[in-house]
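Please look at the sequence and the model before reading on.

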Amino acid sequence: MNSNDKKVLEVKNLTVTYESEGSVVEAVNGINLDLTARKTVGLVGETGAGKTTTALSLLGLVQKPQGHVKNGKIIINGKNILEMTEKELENIRGKEIAMIFQDPMTALNPVMTVGDQIAESIVKHEKVKYEEAFAKASELLETVGIDKARAKEYPHQFSGGMRQRVVIAIALACRPGILIADEPTTALDVTIQAQVLDMMKKLKDEYETSMIMITHDLGVVAEICDEVAVMYAGHILEYGVLEDIFNRTKHPYTEGLFNSIPDINDDKIRLVPIDGGMPDPSNLPKGCVFHPRCPYADEKCKTEKPELKNISETHQVACIAYDRPGFSLGRSNS
Amino acid sequence: MIRYIIRRMLWVIPTVLVVSFLVYVAMDLTPGDPANAVLGDVATDEQYNQVREEMGLNDPIVVRYFRYVVNAVQGDLGTTLYGKRSVWDEVMSRLPYTIYLTLASIVVAVIFSLPLGILAGIRQNTWIDTLASVFSFVGMAIPNFWLGILLIMAFSVHLGWLPSMGVHGFKSIILPAITVGTGLTASLTRTVRAAMLDVIRQDYLRTARAKGLSNRVVILKHALKNAMIPIVTIIGTNMAGLLAGAMVTETVFSWPGIGYLTIKSVLGGDYNLVTGCIIITAVLMSLILLLIDVIYGFVDPRIKAQYVEGR
Ligand SMILES: Nc1ncnc2c1ncn2[C@@H]1O[C@H](COP(=O)(O)OP(=O)(O)OP(=O)(O)O)[C@@H](O)[C@H]1O
Ligand SMILES: [Mg+2]
């Protein structure tokens, strides 16, 4: 194995539930995920698929008392974080693994200056004096494209795009080895989206950070990801390198995602949204979780749970329709 | 900010004018006659009329009120009925005691309600949460005079640890401050708990945790700073109740503040003194509310920004 292919993160059979008064939400159901140094893995799926929950469990931040990480392993740089004490977790959060949160309007503390909020992380992990940390925080603001004189200002004085830059600066403050970006551009308007994405790409390369990019925007995936995991109802249905997912699509759900993107160059190709909605996560269907919405489903899909199987060295799919002789998706050969 | 404070201070003037007019008219309407009170029952009609003329009581009320205000801005609130001392001096000599008691009871309330409310909020539905809510209900239901008497019986009469009346050093403030502060402690505990419950679910606390900050820092720094906003509001809105509570409590403990003086002057029918006491209390109240507003600006930068913009 080449040292460049070093795995910085391994997730094995991760299962997370939210439990309250008798109902159990099965948010994440036995997923596996690997992250290779300096690579970017995209985690794609509709709202409610369990993307944020997966990300939070990587930081040991699944919200108690409802949230429970049931079993599995999360190995970061060789250590299983599920076996760590709170103290050990605090030492790796923000340092070895950091997260950019979904909504920049609520992710910042309204009563602390942005400089303060960045400096906190530096004080914690680099054991420097506050003044030094604040100076560093100001430099970081400059790095993400905000005048450093504004470090003394409060979040309400910034626009949404700038707040997201601040959130990014907080996450990158201690140059973490692993960065989880939870829909970092969803809340921003399109022109700002492109700027923020470009900036993240640049900084990620400069800091040699490995990244998990959570999104439901396949455009973002195409732009930034090396590998893609397609997530649905807490399961990974398809996993592969970018070309596998985009050009050799194998799962009916992935196909559905592509079909639901309007094609602005050709108005004859009609938008085909996936029928139905996400299943109730506290009452998931038996068999394949996608079968109620799947145009290819048959009787077997209702009872038999598909496993994620290798179909090439880089590509995995969880669909038993491939047991049928000659089965292929409508889109796959076009 | 400074301009804002000055503008707010100017607003105290009309407030006090309205309050003083109402008090003046109310005192005029109450049965009884100052001239009678001065002379006693054995005066002739002639003497009586002469005294009324001397005291200016025969003029229309608007004229009398106007004269009162003109004198008042020069620090002359008239003289007390008995002993003919200056009302201004009398009230001012009591003012520090009332301020002392009010501040002490706020301190008591904050000392008890912060930890209790925080714990109840972060450990929702545990025994400490139940304890806090039982305490809040009881604390809000107990009348001040009854609590005061209870405390005197327990700590002064029975145990003999603390004085029951007057001012004899630091020990004397303890029971009155607890008496006045209990109601505020009760409502503050509920506020702190609710604020904590609200703040604790906010995304920015997750951001703080994701930086690797410890639970203690997350709660005491990030959460509490945000919870301060409703806490300061509740202290502000409870000020009127606090001053009223002080009036009763000062009487129970013979605490030489404005409240005790007010009650005594009402019972003695000392018109000038009652009016003076209430007007000074109104000014005090306005200034405390202003202070709360200023503190507000410091806890919430968004509000401070409004002050600056809204000049
Ligand atoms: N604190 C919680 N308590 C109970 N259920 C929760 C909690 N957080 C998330 N869930 C549930 O878990 C499931 C997965 O939620 P999650 O936030 O991980 O989805 P997501 O893929 O990030 O969606 P989105 O794209 O909207 O951000 C959802 O059904 C959600 O309702
Ligand atoms: Mg999410």
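## Cysteines

Cys288(A) has a relative accessible area of 10%, which makes this residue buried; buried means under 20% relative accessible area, exposed over 50% and partly exposed in between, with a 1.4 Å probe and protein chains only. The closest cysteine sulfur to that of Cys288(A) belongs to Cys301(A), 6.3 Å away and too far for a bond. A disulfide is a pair of cysteine sulfur atoms within 2.5 Å, and over all chains the search finds 0 disulfides. Cys174(A) is buried too, at 2%.

## Basis of the model and confidence

The model is predicted: local features need pLDDT of at least 70 and side-chain atom pairs count only at pLDDT 80 or more, while totals for chains, interfaces and linings use all residues. Residues are numbered from 1 along each chain as its sequence is written, chains are lettered from A and ligands numbered from 1 in the order in which they are written, and side-chain values use heavy atoms, with hydrogens and water left out.

For the complex, the predictor gives an ipTM of 0.89 and a pTM of 0.84. Chain B has a mean pLDDT of 86, with 97% of its residues at 70 or more; pLDDT is the predictor's confidence in each residue, from 0 to 100. Within chain B, H9(B) has the highest confidence, at 95, and H2(B) the lowest, at a mean of 70. Helices (H or I, at least four residues) and strands (E, at least two) are DSSP runs, numbered from the N terminus.

## Magnesium site

Thr52(A), through OG1, and Gln102(A), through OE1, coordinate the magnesium ion (ligand 2) at 1.8 to 2.6 Å. Thr52(A) is in helix H1 (residues 51-58) of chain A, and Gln102(A) is in the loop between strand S6 (97-100) and helix H3 (114-126) of chain A, so the pair ties together parts that are 50 residues apart in sequence. Gln102(A) is partly exposed, at 32% relative accessibility. Donors are N, O and S atoms within 2.8 Å of the metal (3.2 Å for Na, K and Ca); water is not among the atoms, so sites may look incomplete.

## Largest pocket

The largest pocket holds about 940 Å³ of space. On a 1 Å grid over the protein atoms alone, a pocket is an open set of points where a 1.4 Å probe fits, with protein on both sides within 12 Å along at least five of seven lines; lining residues have an atom within 4 Å of a point. Grid points are joined across faces, edges and corners, and a volume is the space filled by probe spheres set on the points.

There are 27 lining residues, and those closest to the centre are Gln63(A), Lys64(A), Pro65(A), Ile200(B) and Arg209(B). H9(B) contributes the most to this lining, with 4 residues.

## Backbone features

Lys64(A) and Pro65(A) are joined by a cis peptide bond, with omega about 5°. Pro65(A) is placed in the loop between H1 and strand S4 (67-76) of chain A. Most peptide bonds are trans, and most residues other than glycine have a negative phi.

Arg175(A) has a positive phi, near 45°, and is in the loop between helix H5 (160-172) and strand S7 (178-182) of chain A. Asn125(B) also has a positive phi, near 65°. Asn125(B) is in the loop between H5 and helix H6 (127-141) of chain B and is exposed, with a relative accessible area of 65%.
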